[in-house]
Structure formats: C-alpha cells, structure tokens
Amino acid sequence: MDFKLFVFWIFSLVLIGAAVGVITTRNPVQAALFLVLAFFNSAIIWMLLEAEFLSITLVLVYVGAVMVLFLFVVMMLDINLSPLREGFSRYLPLGALIVGAIVVQMVFLLRAKSFSAEKFPVPVPRGADYNNTRELGMAMYTDYLFQFEVAAVILLVAIIAAIALTMRRRPDTKYQRPSEQVQVTKEDRLRIVSMDSEGGAK
Amino acid sequence: MDNLGLATPEIFLLCAICVILIGDLYVREDQRPLAYLLAQVSLIGTLLLTWSIAPEIGSATAFGGSFVMDQMSVVCKTWILAVSIGVFLYSRDYINSRNITNGEYYTLALCGVLGMMIMVSSSTMLTLYLGLELLSLSLYALVALNRKDVRSSEAAMKYFVLGALASGALLYGISMIYGATGSLHFDAISNALATDADSTAAVFGLAFLVVGIGFKFGAAPFHMWVPDVYEGAPTSVTLYISSAPKIAAFALAMRFLVDGLENAHSNWQGMLIILSVMSIVLGNVIAIAQVSIKRMLAYSTISHVGFILLGILSGSEQGYSASMFYAITYAFTSMGAFGIILAMDRVGADVQLLTDLRGLFRRNPVYAAVMMLLLVSMAGVPPTVGFYAKLAVLSAVVQADLVWLAVVAVIFSVVGAFYYLRVIKYMFFDEPAETQPVLAAFDVKVGLSINGAAILLFGVFPGLIMAACVAAFSG
C-alpha cells in the first residue's frame with residue numbers, strides 16, 4: 001500500500017464519520033462543524049485526484065464563507081429543533097424501507113458493467129507544469145460560456161426574488177437620511193420666539 | 001463563439017429584463033404602467049427577432065453545440081412568447097389592484113420566459129437543466145410575491161420544497177446518463193445508446209429523468225403540488241403557470257426523451273403510459289369533486305398533461321407533432337379561462353368558487369360566450385380546437401397499437417365533460433348572486449374575444465398550427 005492510498009483511506013474514513021455525525025448529532029452547531037470537517041476531508045481527496053483548484057475553492061468558499069455564515073444563522077436564530085424530530089420512530093420503518101431499496105439499487109448499479117474499471121480506467125497523472133486553473137478557465141469561458149451566463153442569470157433571479165420577498169417598507173421604521181442631516185440649517189433646529197414679558201413680578 | 005447571432009432573441013430579452021429592473025427604480029409611483037409597457041414591448045421584440053433569425057429548414061447550433069435553433073424550437077418559442085403577451089395583458093389590472101410590486105412581477109415573469117426559451121433551445125442536458133431552474137426559481141418567487149397572503153406563502157413553500165426534490169431527481173438521472181454515455185450532448189447520447197440501448201445505468205438514470213419530467217409537467221402521481229399552487233398563488237401567477245410553461249415542459253420531455261434517449265424508447269414508453277393513464281383518470285375524476293374553480297382547473301390541467309404525454313409515448317413523428325399541437329392549444333385555452341376569471345375579479349370579491357361564475361351570461365354575455373367556448377374546447381367537443389387536439393393525439397396512439405389506451409382516454413374525457421358542462425350551466429341558466437355587470441379594460445376585452453375566436457378558428461382550420469408542428473418533426 002503506497003502512501004497516497006494510505007492518505008486516501010484515512011481521509012475518506014474521517015469523511016464518512018463526519019457525514020454520519022452531521023445527521024446524528026442533536027446540536028445544530030455541532031452538526032455544522034461536522035459538515036465543515038466533511039468538506040475539508042473531501043477537499044483533501046480532491047487534492048489527491050489532482051484537482052487543486054477545485055479543492056482550494058471548496059475550502060475557501062464552502063468552509064470559509066458558506067459554513068461560517070450558516071453557523072452565524074444557526075447561533076443567532078436559536079431554533080428549537082426538538083419539534084422537528086417528532087415522529088422519528090413513526091416514520092422510521094417507511095424511511096428504512098425506502099433507503100434499503102435505494103441502497104440495493106445502487107449496489108446493483110455500481111456493479112454493472114457500465115461503471116466497470118475497463119470502461120473508466122485510472123487517468124494518467126499530468127506533468128508538474130499542467131495548469132489546472134487555466135484549463136478550467138478555458139473550458140468555462142469557451143465551451144461552457146452559454147451555461148456560465150445562464151447560471152449568472154439564475155443568480156440574478158435569486159437576488160431579485162430574495163429582495164422582493166423580504167424587503168418591506170414599514171411606516172414605523174425610522175431611517176437616517178444623511179443628505180437631509182447635512183443640509184440642516186439653524187432655522188430648522190432653533191426657533192427664536194419673541195415673547196412679551198409678563199411685566200415682571202409685581 | 002460561432003453563431004452567436006442565433007441567440008439574439010435571448011440576449012435581447014436579457015438586456016430588456018435588466019433595463020426594466022434598473023428603470024423601475026427611477027420611476028415614480030404614478031408612472032408604474034411603464035414596466036408593463038416595456039415588458040410587452042420586449043416580448044414583441046423578442047418574437048420578431050426569433051422569426052428573423054429562424055433557419056429556413058433544418059437546424060443550426062451555437063455555443064459549441066449547446067444551443068440549437070431548429071424548427072421545433074422556433075414553433076415553441078413563438079407560442080411561448082405569444083401566450084406570454086396574452087398572460088401579461090390579462091394580469092395587468094389584477095397586479096395593479098393588489099399588493100404586488102409591478103417592477104418585480106414583470107422582471108421575474110420575463111426571467112421565466114427567458115428560462116423557457118433556453119429550455120426549448122437547449123441541446124445539452126446542462127443547458128436544459130439550467131433553463132429549467134431559471135424558470136422554476138422565477139415561478140417559486142412569483143407564487144410568493146403577494147406576501148400578505150398566507151396561502152400564497154404556503155403554496156410557494158410546498159412548490160419550492162417539492163420542486164427542489166424533483167430537480168434533485170432530474171440531476172441524479174442526468175448524472176447517471178452522463179456516466180453511462182460519457183456526454184452531456186443529446187446527439188452524442190443518442191449515438192452512444194444506438195449500440196447499447198439497454199445499458200443498466202442509462203435506464204436507471206432514465207427512470208429518474210421521467211420522475212423529474214413528470215413533476216415539472218404536473219403529471220400524476222407527481223401532481224400533488226398542482227392544486228395547492230394553483231389555488232394559493234395570486235390568480236395572475238396561476239394564469240402564468242398554467243399556460244406557457246406547459247409548452248416548455250413539452251420541449252423538456254422532447255429534448256430528453258426523443259433527442260437524447262429515443263433509442264431507449266421501449267424503456268420509457270411504459271413509464272409514460274403509467275403517468276398518462278394515472279393523470280387522465282385522477283385528473284378527471286377528482287376534478288368532479290372540486291368546488292373551487294382554480295382547483296378544478298388544476299385537476300383539469302393534470303388530465304390534459306396526460307394527453308400531452310400520450311402523444312409523446314406513441315413514439316412516432318405523428319405523435320410528437322400531435323402532442324406539440326395539444327400543448328400549444330392547451331396553453332392558450334387555459335390562458336383564456338384564467339383570463340376570464342381575472343376579468344371578473346375585483347378587490348374584495350375574489351372569484352374562488354365555481355358558483356361565483358353563476359349568471360355570468362346576464363352580467364356580461366360576451367365573456368360568458370368566450371368562457372363557454374374555452375370550456376367546450378377543454379372537454380373536447382367539435383368544432384373547437386380541443387376536439388382536434390384530442391383526435392390527433394388519439395389517432396397517433398391507435399397507430400402505435402395501443403388501442404386500449406385510447407379507449408381509456410376517451411372514456412375519462414367523457415367523464416371530464418361533466419364538470420366543464422356544469423360550469424356552463426352555472427353561467428347560463430342560474431341567477432347571478434350579484435347583478436353588477438363585469439367590466440374590464442378595452443384591450444383585455446379585445447384580447448379575450450380574440451382568444452375565444454382563436455378556439456373556433458383553429459378548431460375549424462387546425463392546419464394553421466398543425467402544419468408548423470408537422471414540419472417541426474419531419475426529416
């Protein structure tokens with residue numbers, strides 16, 4: 001067993017353990033942290049597959065940005081998850097049946113000849129001067145330009161939808177309007193009232 | 001970057017969407033109709049551009065083969081755009097009188113149209129999936145756009161969760177087919193399957209594809225979202241969902257099943273038979289029990305989807321063109337029916353129940369006549385277009401030696417005629433609950449009259465659409 005295979009086994013075992021942890025732990029913060037661990041281990045497995053760019057992107061984007069944001073949300077919302085777990089034992093038999101069927105199908109499928117080692121041989125490792133990032137960029141901005149642009153439009157729709165669904169103009173909200181604050185003159189703030197004197201004390 | 005010009009309509013529509021989106025921010029409250037006008041102008045412009053770049057015969061591809069402009073995509077795009085123009089016309093007054101922001105509504109609806117056009121023109125699984133997601137995301141947001149209505153939010157939530165699940169199934173199927181054939185391009189998939197049509201992985205992936213397609217179509221047993229979404233969504237959005245996306249769903253099924261997997265026809269024919277029989281039976285029987293008009297039309301949609309699938313599963317060019325004819329004519333029939341409901345609708349007096357249509361003839365004879373034509377067409381009575389559509393689909397099914405299937409479809413169409421005729425009885429022979437005449441804007445009136453006349457015109461001269469549908473699949 002060479003060193004690469006050894007590393008693969010270690011990290012994939014940790015990955016599976018972390019993935020099981022995500023769905024079994026009761027604490028949502030712990031679940032999120034398990035997910036971070038799972039992402040990190042997948043990143044290392046991708047690194048072993050010589051997909052350096054994707055591997056580092058996975059760590060930067062998912063671990064660095066998405067999961068941190070997710071942790072913030074979980075911590076700030078303080079969701080009580082116990083009602084979500086109700087009926088677990090009631091749905092267990094049906095769920096187990098469906099999962100069992102899917103597992104049997106997948107085992108049957110993965111043993112099929114369409115995914116055999118002859119059809120998908122181990123790829124030849126690239127030389128040290130092979131530039132992963134450049135190749136990805138070339139593919140994305142030439143062959144897959146159309147799909148890339150459509151994905152951008154989908155993000156635009158997501159932004160429009162998120163803003164349209166959450167922005168409310170409530171009359172009781174107090175806004176600061178810096179432009180008006182700067183333009184204020186002393187007449188707006190200070191009123192000089194000339195009053196007749198009451199004639200003083202008699 | 002070859003043939004960039006083929007995508008001119010899509011590029012134009014995207015630019016128009018951005019203009020409306022930004023422009024709407026600078027428009028004063030009393031100039032809001034501007035968004036509507038711009039949306040209509042951009043749809044008409046896109047339609048003209050589509051015609052101007054359409055290839056005379058055959059097909060042309062762009063973007064490294066991921067975008068195709070063939071006869072089928074020209075016909076589908078034409079009708080998607082034409083139906084969308086009608087949809088915007090009918091929904092304008094409803095949007096203005098409700099708590100729905102104008103700019104966002106038209107922007108999201110146009111993004112949906114863009115998604116449909118991309119779906120229709122895609123020649124790889126990736127493009128098709130992205131177009132579908134663009135359409136679905138716009139629809140989820142549109143359903144929830146009336147935030148003050150709890151039912152809208154509930155419908156949007158159900159639609160979103162079930163839709164995400166269906167997208168997952170579709171993607172899983174795509175990944176399996178990619179694994180089995182090694183390509184995302186439909187023609188390469190078709191070539192790979194020509195030698196090995198019964199590859200286990202491809203058939204496994206195909207099953208998931210059919211689940212995804214069935215869901216997006218709203219075919220039984222994946223129809224659970226349809227009645228809830230139709231009822232909960234603002235009526236203008238129900239109008240939108242029930243019309244043009246049916247044409248896009250037809251294109252989705254055609255691209256996956258015929259362009260990509262036609263060699264596996266014997267495998268998917270059985271799956272589609274189950275879907276279409278269940279849709280026709282469930283749709284027609286459950287619609288009888290409905291008291292809400294939107295739910296009734298939802299179940300009626302399910303049964304019509306069954307008919308569209310019948311044409312596809314027959315697996316012949318005749319069946320495909322009959323199915324396309326059915327999808328197109330159903331889109332504008334359904335558009336007209338919801339258009340009448342929207343025209344009757346007023347703030348504080350939503351049209352919800354079937355009995356709300358009572359005495360429509362006394363309140364507005366023209367609308368009652370148009371609605372009667374639409375319902376008669378849905379029931380499939382000659383000389384309306386619905387009759388010819390059903391006839392074409394059924395004759396394709398009979399040609400494919402599936403006579404029992406045609407018999408089942410006919411029997412349940414007759415069952416379905418009951419609930420359409422019941423509405424006609426309400427409109428013509430019952431006393432109205434309120435005597436106020438139904439008034440609508442002049443252009444809406446003209447649009448609805450044209451819509452009703454089209455049902456008759458295309459019923460008497462089906463060749464006007466059928467010729468294009470046949471041309472789309474010949475050769």
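At 31% relative accessibility, B:D443 counts as partly exposed, where partly exposed is the range between buried (under 20% relative accessible area) and exposed (over 50%), computed with a 1.4 Å probe on protein chains only. The side chain of B:D443 meets that of B:R92 in a salt bridge, at 2.9 Å from N to O. The model is predicted: local features need pLDDT of at least 70, side-chain atom pairs count only at pLDDT 80 or more, and totals for chains, interfaces and linings use all residues. Residues are numbered from 1 along each chain as its sequence is written, chains are lettered from A and ligands numbered from 1 in the order in which they are written, and side-chain values use heavy atoms, with hydrogens and water left out.

**Salt bridges**

- A salt bridge here is a side-chain nitrogen of Lys or Arg within 4 Å of a carboxyl oxygen of Asp or Glu; over all chains, the structure holds 13 of them.
- B:R92 lies in helix α3 of chain B and B:D443 in helix α19 (residues 442-460) of chain B, so their pairing ties together parts that are 351 residues apart in sequence.
- B:R92 is buried, with a relative accessible area of 13%.
- A second salt bridge joins the side chains of B:K158 and B:D228, at 3.0 Å from N to O.
- B:K158 belongs to helix α6 of chain B and B:D228 to helix α9 (residues 225-232) of chain B, so this pair ties together parts 70 residues apart in sequence.
- B:K158 is partly exposed at a relative accessible area of 32%, and B:D228 is partly exposed at 23%.
- A network of salt bridges links B:E154, B:K158, B:D228, B:E231 and B:R295.
- B:K425 and B:D430 also form a salt bridge, their closest N and O atoms being 3.7 Å apart.
- B:K425 is partly exposed, with a relative accessible area of 41%, whereas B:D430 counts as buried at 14% relative accessibility.

**The interface of chain A and chain B**

- Contact, meaning heavy atoms within 4.5 Å, involves 26 residues from chain A and 33 residues from chain B.
- The area buried between the two chains is about 2,600 Å², and carbon and sulfur atoms give 80% of it; buried area is the accessible area (1.4 Å probe) that two parts lose on being put together, summed over both.
- Between chain A and chain B there are 0 salt bridges.
- Across this interface, 2 residue pairs are in polar contact, both at pLDDT 80 or more; a polar contact is a pair of N or O atoms within 3.5 Å, and within protein one must be able to donate a hydrogen and the other to accept it, while residues adjacent in sequence count only if both atoms are side-chain atoms.
- On the side of chain A that touches chain B, α4 (88-110) and α6 (145-166) of chain A each supply at least two residues.
- The largest share of that side, 13 residues, comes from α6(A).

**B:M176**

- B:M176 is found in helix α6 (residues 150-181) of chain B.
- B:M176 is buried, with a relative accessible area of 10%.
- Not counting residues up to four places away in sequence, B:M176 touches A:L109, A:F115, B:A201, B:F204 and B:G205.
- B:M176 and B:K246 stand 70 residues apart in sequence and 26 Å apart in space, C-alpha to C-alpha.

**Helix α2 of chain B**

- Helix α2 (residues 33-53) of chain B has 21 residues and reaches 31 Å from its first C-alpha to its last, close to the 30 Å expected at 1.5 Å a residue; the expected span is 1.5 Å times one less than the number of residues.
- Among the buried residues of α2(B) are B:Y36, B:L43 and B:L47.
- The cover over the buried residues of α2(B) includes α1 (8-23), β2 (67-69), α3 (71-97) and α4 (102-120) of chain B.

**Chain A**

- Chain A has 8 helices and 0 strands; helices (H or I, at least four residues) and strands (E, at least two) are DSSP runs, numbered from the N terminus.
- Of the 202 residues in chain A, 18% are buried.
- A:S55 is found in helix α3 (residues 52-77) of chain A and counts as buried at 3% relative accessibility.
- The side chain of A:S55 reaches the backbone oxygen of A:A43 at 3.0 Å.
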